[in-house]
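These are my notebook entries on one structure. I set down what I looked up, entry by entry.

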Amino acid sequence: MTVTQPAEVTAPAPTPKGRDRYFDFLRAVALFRVILYHLMGWAWLPVVFPSMGVMFALAGNLMARSLGKRPALEVVRGRLRRLLPPLWLLGAVGVSGMLLAGWGPDAEGRPGWWWLHLAYWILPLSDPPYGDPLPGIQGLIADGWALDLGVPLWYIRAYLWFVLLSPFLLRALRAAPWPTILSPLALAAALEFGAVSVPFWRLEAGIGDFATFGACWLLGMAHQEGVLRRLPRYVVPSLAPAVAGFALWYALGDGIREGHDLDDMPFAQSLWSFAAVLLLLHLSPSWSEWPRPLRRFDRLVTLLNARAVTIYLWHNVCIDVVEGAWDRLWGVPWLEENVPGLLNSPWPQLPAVWLLTALCVVCFGWMEDLAAKRRPRLWPDGHTGTHRA
């Protein structure tokens, strides 16, 4: 039974100085939406909340704030130090599993290039390789697990390049704010309508990421630099819905549906994410502490922010494990005959996915603390005095 505490003792837990809890809340919602989308596959979820655009915008904001305080080389080195060790840990587990499952140089037919491409698991300037056709383990993990492990790493690659380019982007933003912010959208349009073509797929992937989400990263930087505050208050509420409406109209014309959504429509994605991020940053209330209705979520949001990289990297593997175990229930005759709808539903799998993701946080999340030069913690939810590793 829940006991309501008196008002004078319901203050939120102390938060690190300078943290914006509104941004923490957006990052937590973005992570939850990513996991829900990867499990459910609903095409409308990226429309309701464009998680990747929001995450890039928040990262751009943080990057601009850091660049305003410390030398660029120190900031870039610090960001890479926080980003790469969790990826290395995933690679140590994932690549070892793929090798044990039979993945090797013959998989691509070019052994020399295969070994060279493995270096992208160390510094992901391009997509790290993975064993696409590898089968699962019956009753333990579903088929396609290697694909699901490797595909989301595009975000790590894009994040890395945005970090490396941020000192130059910030200079351009300060010199010409709106031409700089809008340039990725212009590039997205040029790619969409064939005015620009990129023949090499690795280069195309990087340029496509910048075109799709560069404006979001730059909006985050612009928010930190005060560019958005200099706009008249009516501009964003007037402009953002118009851009979003055009993006949705374009996506509907491209036949948005399950299996073919905004992730497959870079131009529509760029416009929709830009509009949503612009509006969210315009509304930004900059919470130094939680509004009363959200105080109950303080520890959960703190945990999600402290382990954002771990959760993103491991959640797809957790989904595959849960789906592999769930498929075994079809071998129970009573369930197959009486509740086939339950077996076909992904909803019962969602709590199991979160529980397994929580286990990954405990098992692998400490790497984020080591990368940040903090004492390792098993469960960093802001509750002081506990959960030390």
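**Entry 1: Thr302**

I began with the contacts of Thr302: neighbours within four places in sequence aside, Thr302 is in contact with Arg21, Pro380, Asp381 and Gly382. Contact here means heavy atoms within 4.5 Å. I noted that the model is predicted: local features need pLDDT of at least 70, side-chain atom pairs count only at pLDDT 80 or more, and totals for chains, interfaces and linings use all residues. Residues are numbered from 1 along each chain as its sequence is written, and side-chain values use heavy atoms, with hydrogens and water left out.

I then looked up the side chains of Thr302 and Arg21, which are joined by a polar contact of 2.8 Å. A polar contact is a pair of N or O atoms within 3.5 Å; within protein, one must be able to donate a hydrogen and the other to accept it, and residues adjacent in sequence count only if both atoms are side-chain atoms.

Thr302 lies in helix α12 (residues 298–306). Helices (H or I, at least four residues) and strands (E, at least two) are DSSP runs, numbered from the N terminus.

Is Thr302 buried or exposed? Thr302 counts as buried because its relative accessibility is 19%. The classes are buried under 20% relative accessible area, exposed over 50%, and partly exposed in between (1.4 Å probe, protein chains only).

I also checked Thr302 against Trp103: they are 199 residues apart in sequence, and their C-alpha atoms are 38 Å apart in space.

Most residues other than glycine have a negative phi. Ser286 sits in the loop between α11 and α12, and is partly exposed, with a relative accessible area of 43%.

Lys373, also not a glycine, has a positive phi of about 60 degrees. I found Lys373 in the segment after α17 (366–371). Which class does the relative accessible area of Lys373 give? Lys373 is exposed, because this area is 66%.
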